[in-house]
Amino acid sequence: MPDTKKPLIGITSRYINMRIGESLGTHKLCLNNDYIDSITEAGGIPLILPIVLNETAIQAYASVVDGLLLTGGEDITPQLYGEEPSTKLTATAPDRDYFELGLIKAVLAQKKPILGICRGLQIINVSLGGTLHQDIASEFANTCVLHRQQSLEHVGCHSVKLSEGSILQRIFDVDSLITNSFHHQSIKTLGSGLTPTAQTSDGIIEGVEMPQEKFIIGVQWHPECMLKSDPNTIKLFKSFIQAASKEEF
Ligand code: MN
């Protein structure tokens, strides 16, 4: 018999354009398998969500999942937060933006947990009316720490201070973490209802949450890549799965 207590976690995917081989020129979906492993290891059932623009499908996904994991990827279309593109903007995927904005709205309305990772944190912020720095390194050239590391994905890069009393601090039970960092954008102004819960020493927001909700959390780093290198990392995913569970573990 299947274990029906395990929550179903919808995981967003991204586009990839094949530039070599037999699939040359085709438009495919892809997802880093570390996201799948993180959800599975934490006790959830992963379900990859394709990018669709049909409102009925978006509502159906929101109804069927017990929690939503928003993954990393492209820059968010700046017009969605009222800005023209800076010369440092990298590739965008407007269809993905519209899909995820609809999905976040639908999942929030159903009071289900959301975990946003990297771009996931940024799209949560934009969905709530927040804005982004389009390129940290050019906007804060002399003051920022390294946020686009060259090291392998599981290697820690900078320290992140967790806010006292935040859900994030309760989950990790420490005051600061060493995290990896693979972003060139970050939150500029906060979306409505969001509180910053993690910051680097240069003031960049690395974590947010909605204090009045059970589990709406975004992190700017990639915890799914650090499962093996930092045993504390799984705590974030376990806490997410627990919040998404219909019954207490
Ligand atoms: Mn960073």
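Helices (H or I, at least four residues) and strands (E, at least two) are DSSP runs, numbered from the N terminus. The model is predicted, so local features need pLDDT of at least 70 and side-chain atom pairs count only at pLDDT 80 or more, while totals for chains, interfaces and linings use all residues. Residues are numbered from 1 along each chain as its sequence is written, and side-chain values use heavy atoms, with hydrogens and water left out.

**Stop 1**

Most residues other than glycine have a negative phi. Select Cys-118, in the loop between strand 6 (114–117) and helix 4 (119–127). Cys-118 is not a glycine, yet its phi is positive, at about 55°. Is Cys-118 buried or exposed? Cys-118 counts as buried because its relative accessibility is 6%; buried means under 20% relative accessible area, exposed over 50%, and partly exposed in between (1.4 Å probe, protein chains only).

Next select Asp-173, in the loop between helix 6 (167–172) and strand 9 (176–179). Asp-173 also is not a glycine and has a positive phi, of about 60°. With 65% relative accessibility, Asp-173 counts as exposed.

**Stop 2**

An open sheet of 9 strands has the order 4-1-5-6-13-12-11-8-9, and its pairing is mixed. Strand 4 (45–49) and strand 9 stand at the edges with a single partner strand each, so one side of each has no neighbour in the sheet. On average, neighbouring strands of this sheet are turned by 25° against each other, direction ignored. Two strands pair if DSSP finds at least two bridges between them.

Select strand 13 (residues 216–219), which is covered on both faces. Ile-216 and Gly-218 are buried on one side, and Ile-217 and Val-219 are buried on the other. Which strands pair with strand 13? Strand 6 pairs with strand 13 in the parallel sense over 4 bridges. Here Leu-115 stands opposite Ile-217, and Ile-117 stands opposite Val-219. Strand 12 (residues 205–209) pairs with strand 13 in the antiparallel sense over 3 bridges, with Glu-209 opposite Ile-217. A hairpin of 6 residues joins strand 12 to strand 13.

**Stop 3: a helix across the sheet**

Select helix 7 (residues 234–244), which lies across strand 1 (8–12), strand 5 (67–70), strand 6 and strand 13. Helix 7 runs at about 150° to strand 6; axes are lines fitted to C-alpha atoms, for helices over the stretch in contact, and angles run from 0 to 180 degrees between N-to-C directions. The buried residues of helix 7 include Leu-236, Phe-237, Phe-240 and Ile-241. Among the packing partners of its buried residues are helix 1 (33–41) and helix 6; contact means heavy atoms within 4.5 Å.

**Stop 4: Leu-108**

Select Leu-108 in helix 3 (residues 94–109). Leu-108 is partly exposed, with a relative accessible area of 23%. Leaving aside neighbours within four places in sequence, Leu-108 is in contact with Ile-114, Leu-128, Met-210 and Ile-216. Its C-alpha atom is separated by 8.9 Å from that of Ala-62, 46 residues apart along the chain.
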